[in-house]
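Let's walk through this model together, going from the overall layout down to individual contacts. Keep the structure open beside the text as you read.

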Amino acid sequence: AKGGDRDGSVKQQLSKLFKASLSATVPDEPNIEPLVEVCTAKFGDYQCNNAMGLWSRIKGKSKEFKNPNSVGQAIARNLPPSDIIESTSVAGPGFVNIVLSDKWVAQSIQKMLLSGIGTWAPILSVPKAVVDFSSPNIAKEMHVGHLRSTVIGDTLSRMLEFSNVEVLRRNHVGDWGTQFGMLIEHLFDKFPNWEEAGEQAIGDLQEFYKASKRRFDDDSTFMERAQKAVVRLQGGEARYRDAWKKICEISRKEFDLVYQRLGVHLEEKGESFYNPYIPGVLEELSNKGLIEESDGARVIFVEGHQIPLIVVKRDGGYNYASTDLAALWYRLNIEKANWIIYVTDVGQSQHFDMVFSAARRAGWLLDSNGNLYPKVSHVGFGLVLGSDGKRFRTRSSEVVRLIELLDEAKSRSKTELKKRLEENGKIADWTDEELEKTAEAIGYGAVKYADLKNNRLTNYTFNFDQMLNDKGNTAVYLLYAHARICSIIRKSGKDVEELKKMGNIVLGEPDERILGLHLIKFAEVVEEACTNLLPNVLCEYLYNLSEKFTGFYSRCSVVGSAEETSRLLLCEATAVVMRKCFYLLGITPVYKI
Ligand code: ARG
């Protein structure tokens, strides 16, 4: 569905009704934002919480109202007529409780089935966003922190894209900096024929990095050469630039293997890309009086921080912060993004806070009620821990290689899958390719889901046994639940496309209503996950959906019952929504178990 076919979330639709009611109730108080929430008590499905706040503003002034409850009564009375609402009631200090019409809920599900899940895409007010994620560093290892950034950033991009936001997925690769001096000199020394031999010569880039770092630390003449090499590279000397390019290329191939396995697309605009913009941006900041001398460096002082943001080092070189200021300038002025989102570990939150504050001082970001516009957000996340509770490492306490980690997830999931199929006597029905594809979907899906289901700010423990368990809140459990629903529909022998056109959904039993109500919350859940940049909100919704489906399926018979058509459509709607959740989480669904 295109942008125009979207109805908006249930909350948004109710908010429209309440907005009309509020302006009819208190015509002298224009532009009151309706406060609509899911109902916490059992009096209704949603509630409107404006009465108390309104009362404290109008009491004394109004003869019409004698207490907050009477304001609530008026809000309920002034609601425009609509198919959405079955009934209202007013509780205590004016909470207006809403019971949704079963018929409307059923129709809304049916409409989604006919026109596609796009009709349930949320409506966001942001046209264009930059999501800066993954962003590993050339020649250094791409570690589990980058895996988290890749997985979280991809999900956020997918959710925003689904919501019709134009997303620029940016890989802010660390491809510039002093480490290249030592890498290049080491390359020249060890592999004089590097231009022809290239990759084979360098072999393992991480080993290569370590070896050159050792020389840099131990050998002062090498260190001096490396420092000069940086200057020659930045001065644009051809041989140095070529060597730099070669090293970047080799790293990039490694990164791409990870992205391929994960099915993640990104566009690289590394630190080097912004380098030409730094002098101009610093000049602008300097003209605005933001830049001061401090200890031989050039710095920007920002509110709330003891130490300033260094933008030119004492040796005259630029750094991470100057690059980020130039990148922010570029994203605002050239790319014209309305929301810029940075996905890194929480350890970098001070850096981003300072960059954002500097941008605000420069007048790039406007401050209204404590919210900056264009929006900038740092999406921080916690550490990945091993079973010992310490930073996740290999047994020999090396950094875990992401390719190996993902391959292990796949091979473990393949073993489990085969075992399961052998036990069920189904292994003969599976081709090798099906096994392979399913093991991939489950293995990579498990790694992603285990990361995404936690609030991103918490540290999470990496544990293959846990994430590959087919019980509990895991990708495996959810993927199987979805496959089971598909098999219910297949085994009914009915043509779902025909059912969609003819059948009517009826929410007769309580379990049917609970399921239906959860289904239609999809749009507002995606909206919340986008606005608060929290993928775990969508995971929680998905897991609850599978639970509500289980409740429905265990108490309502489907195939062969009098309500078969309606119930098969509920099965189909659940499968459609689950698949969309999988898609948004970057997980490939499976259909056969
Ligand atoms: N390369 C950095 C790292 O590995 C992450 C870059 C994040 N993006 C940015 N614009 N600073 O920690």
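The chain falls into domain 1 (3-100), domain 2 (128-174 + 270-384), domain 3 (179-251) and domain 4 (412-584), with bounds that come from an automatic or database domain assignment. Residues are numbered from 1 along each chain as its sequence is written. The model is predicted: local features need pLDDT of at least 70 and side-chain atom pairs count only at pLDDT 80 or more, while totals for chains, interfaces and linings use all residues.

Start with domain 1 and domain 4, whose C-alpha centres lie 35 Å apart. Their contact takes five residues from domain 1 and six residues from domain 4; two residues are in contact if their C-beta atoms, placed from the backbone, lie within 7 Å. On the side of domain 1 that touches domain 4, one residue is nonpolar, two are polar and two are charged. Here Ala, Val, Leu, Ile, Met, Phe, Trp, Tyr, Cys and Pro count as nonpolar, Asp, Glu, Lys and Arg as charged, and the others, Gly among them, as polar.

Now turn to the ligand. Around it sit Asp132, Ser135, Pro136, Asn137, His172, Gly174, Asp324, Ala327, Tyr342 and Thr344, where a residue counts as near if its C-beta atom, placed from the backbone, lies within 6 Å. Helix 14 (320-333) and strand 11 (339-345) each supply at least two residues of this shell. Helices (H or I, at least four residues) and strands (E, at least two) are DSSP runs, numbered from the N terminus. By class, the shell has three nonpolar, five polar and two charged residues.

Next comes an open sheet of three strands in the order 8-9-10, with antiparallel pairing; strands pair if DSSP finds at least two bridges between them. Strand 8 (291-294) and strand 10 (309-312) are the edges, each pairing on one side only. Four bridges join strand 8 to strand 9 (residues 297-300), and glutamate 293 stands opposite arginine 298 in strand 9.

Finally, how do helix 22 (residues 522-531) and helix 23 (residues 535-555) pack? Their axes are 7 Å apart, at an angle of about 155 degrees. That makes helix 22 roughly antiparallel to helix 23, the word used for angles over 145 degrees. Axes are lines fitted to C-alpha atoms, for helices over the stretch in contact, and angles run from 0 to 180 degrees between N-to-C directions. Val525, Val526, Glu528 and Ala529 in helix 22 meet Pro535, Val537, Leu538 and Tyr541 in helix 23. Of these contact residues, seven are nonpolar, none is polar and one is charged.

Conventions:
Angles under 35 degrees count as roughly parallel, over 145 as roughly antiparallel, 65 to 115 as roughly perpendicular and the rest as oblique.
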